[in-house]
Amino acid sequence: MAASENPSGTPRSIGELESPSAAGINPLRILVIEDDRDTRENLCDILELDGYQVETASTIAAVSARDDLATFGAIILDRRLPDGTADEFLPQLKRQAPQASIIVVTGYGDLDGAIAALRAGAADYTLKPVNADALRARLAALAETRRLVVEKQQAESAFRTLVDAAPCLIVISRQNGATVYANSCAIRTTGYSANEINRHLPRDRFVTLQLGSQSTTPESTSSAIERTERHFVCKDGSRRWIVWRTQVLDDYQGSPALMAVGQDITDLQTAQQKALQAERLAAIGEMMAGLSHESRNALQRSKACIEMLELEIADRPEAVELVQRLTKAQEHLQRLYEEVRSYAAPVQLNRELCDLRHIWREVWSHVVPLHPKKSIEFAERLEVDDYRCLVDRFALGQVFSNILENAVAAVPNPGQIKISYEVATLGNRPALEISILDNGPGIDAEQSTRIFEPFFTTKAKGTGLGMAIAKRIIESHGGEISVRDRTPPGAEIIIVLPRGPHE
C-alpha cells in the first residue's frame, strides 16, 4: 500500500496520518514482542520515527502480566519466543487484545506456519529480516482502517445524540416487529420500553409495499412517506394524539426496516378544542344574554300578575296552591336561564388569599337548610397548618356549592359527607388537594368519564351544567378536578389547586 499524499504532492509519513491534528485520534500504540535485542531495537527505531507509540516485551510471560493489552492497535509478535510459540500464544493474545491487529514475524518461511498463524487470528505474516517499507505499508493500512472506524463511531455517536435529543418520537423496527431503535422522546412519551413500543406503531406500509420482497425497490419504499393521525394509548392508559410519518427504508443496517417519526400534537389538539369550545360558548352567551334580557321583562310581568292573582284567590286554598306551584316553576325557569348564561360567560377571577375552610363551611351553612328532611353528618379531616390559597372566593364557593348539592342529593338518610385536605404538588408547583367524599351509591364508569361534560346529568331536574361550571372555574385557577376511582359505595371528587397564581 503506497503512503498517502498531501495536497502538495509530498508523501506524508505514517506518523502524520496518526497524529492527533491530522487524524483527530490518538497515535496508534504498537507492542513489539521480540526476544532478539537487535531486531527489537531496529523495529522500535523504525516505528518511533513514523510517530507511533511503541512498547516492547521479550517473553510471553511479560506480555501476559500486562493489563493494558486492549489499548494496543497493533502487535508485532515473534513466532518463536523463549517461553513459547506464537501458535500457542495467539488465542490468549486475541482474547486479551481483541481489537489489535497481530503481525507474526518469523525467520522460518514455511507455508504451514503461515497458515496456522492466520487461522489462529493473525492479521499478517512476514519473514525476517523485516522489510521496513512493507511493514510501513501494512501499518499505514491498519492506521487508516482504525481512523475510519473511529470516525464512523464518532459519526454514529453524534447522530444518535442528535436523534435522541429530538423533540419527536423516532422508532425504527423490522418487519417481524423487532425494534432496532427508539429514542428517548418515544420512550418517555409513551411509557413503553423500546421492545414494547413497536406493537402500537402504524405498520400498513409493510403490507402495501411488501417489505423485503423482490418487488420492493428504492423508488417504492424509501421515497414513499405515509402520514397518519391517530390516538396513541400510552402505557399508563392516557391517550396522546400523534401525527405519524412512516417511511420504509429499503436498506437499514443490511435489511429493510420501517422508520416511524411521530409528532405529539395532543396539546395543540386540546388548545384547538378549547378555542372551538370558547367560540361556541361565546355564541351561546350572546344568545342567552339576549334571551335573558327579553325574558326577564316577561317573567317579571307574569310574576306580578301571579302575585295579584294570589291575592284575589286568597280564600280558595286549592287555587292558591296551584298559583304557588306556578311561582316555583317560574323561579326554576329563571334559575335555568341564569345557569346557562353563567356557564357561557367568560370566567373572570378576582383572586385573594382565602382560608378555604371558611369558604366551604359558609357554603355548607347555606346548603343544609335546603334539605331539612335529611340528617347529614359533615366531617372534616385536616392535616395541614396553612389552609390559605390564592383564589376567587365567590367562584370557588360556587364550585363547593355544586359538589355539595350533588352529594346531599345522592346520600341516604342519614348520610355522611367528608372533606379532607392535604399538601400536594401540581406539576412543579406547591398545591393543596381537597377531597369531598360521600356515602351515596357512587359513580359508575360512564358517569365518571362524562360528569364534567356540559348538559350531562343523572337527575330528573337541572341542566347538567353544575360540574361543567366547576371544572371551568378550577381550570381557570390553574388547578385540576377529577373523580377518584373507588369501589362503591361513595363518590369522591378531588380538587387540586396551586397555592400561587397560575402562569
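## Notes on helix packing and the nonpolar cores

1. The crossing of α13 and α14 is right-handed (a crossing is right-handed if the near helix is turned clockwise from the far one by less than a right angle, and left-handed if anticlockwise). These two helices pack at an angle of about 50°, and their axes lie 9 Å apart; axes are lines fitted to C-alpha atoms, for helices over the stretch in contact, and angles run from 0 to 180 degrees between N-to-C directions. That is why α13 counts as oblique to α14: angles under 35 degrees are roughly parallel, over 145 roughly antiparallel, 65 to 115 roughly perpendicular, and the rest oblique.

2. Before going on, a word on the model. It is a predicted one, in which local features need pLDDT of at least 70 and side-chain atom pairs count only at pLDDT 80 or more, while totals for chains, interfaces and linings use all residues. Residues are numbered from 1 along each chain as its sequence is written, and side-chain values use heavy atoms, with hydrogens and water left out.

3. For an overview, the protein has 16 helices and 19 strands; helices (H or I, at least four residues) and strands (E, at least two) are DSSP runs, numbered from the N terminus. Of its 503 residues, 39% count as buried (buried means under 20% relative accessible area, exposed over 50%, partly exposed in between, with a 1.4 Å probe and protein chains only). Among contacts between residues at least 6 apart in sequence, 62% join residues at least 24 apart, contact meaning heavy atoms within 4.5 Å.

4. Back to α13 and α14, now residue by residue. From α13, Leu356, Ile359, Trp360, Val363, Trp364 and Val367 meet Arg393, Leu396, Gly397, Phe400, Ser401, Leu404, Glu405 and Val408 of α14. This contact divides into ten nonpolar, two polar and two charged residues; here Ala, Val, Leu, Ile, Met, Phe, Trp, Tyr, Cys and Pro count as nonpolar, Asp, Glu, Lys and Arg as charged, and the others, Gly among them, as polar.

5. Helix α14 has a further partner in α16: the two pack at an angle of about 145°, with axes 9 Å apart, and α14 passes α16 in a left-handed crossing. On the α14 side the contact uses Ala395, Leu396, Gln398, Val399, Asn402, Ile403 and Asn406, and on the α16 side Gly466, Met467, Ile469, Ala470, Ile473 and Ile474. Nine of these residues are nonpolar, four are polar and none is charged. Asn406 counts as partly exposed because its relative accessibility is 28%.

6. The largest nonpolar core has 39 residues, of which Leu356, Leu396, Phe400, Ile434, Ile481, Ile495 and Leu497 touch the most other members. (A nonpolar core is a set of buried Ala, Val, Leu, Ile, Met, Phe, Trp, Tyr and Cys residues joined through side-chain atoms within 4.5 Å.) Elements that each supply at least two residues of this core include α13 (356-367), α14 (393-410), α16 (466-476) and β19 (492-498). The largest share, eight residues, comes from α14. Ile495 touches Val399, Phe400, Ile403, Leu432, Glu433, Ile434, Ile474, Glu480 and Ile481, not counting residues up to four places away in sequence. Apart from this core lies another, of 22 residues, among them Leu81, Ala86, Ala117 and Tyr125.

7. One backbone detail deserves a look. Most peptide bonds are trans. Asn413 and Pro414, however, are joined by a cis peptide bond, with omega about 5°, and Pro414 is found in the loop between α14 and β16.

8. Another helix pair is α3 (residues 37-49) with α7 (residues 132-165), packed at an angle of about 50° with axes 11 Å apart; α3 and α7 are therefore oblique to each other. The crossing of α3 past α7 is right-handed. Leu43, Ile46 and Leu47 of α3 make the contact with Ala132, Leu135, Arg136 and Leu139 of α7, which comes to six nonpolar residues, no polar and one charged.

9. Finally, two strand residues. Ser101, in β6 (residues 101-106), counts as buried at 17% relative accessibility. Leaving aside neighbours within four places in sequence, Ser101 is in contact with Gly73, Ala74, Ile75, Ala123 and Leu142. Gly84, in β5 (residues 84-85), is also buried, at 11% relative accessibility. Not counting residues up to four places away in sequence, Gly84 touches Ile60 and Arg79.
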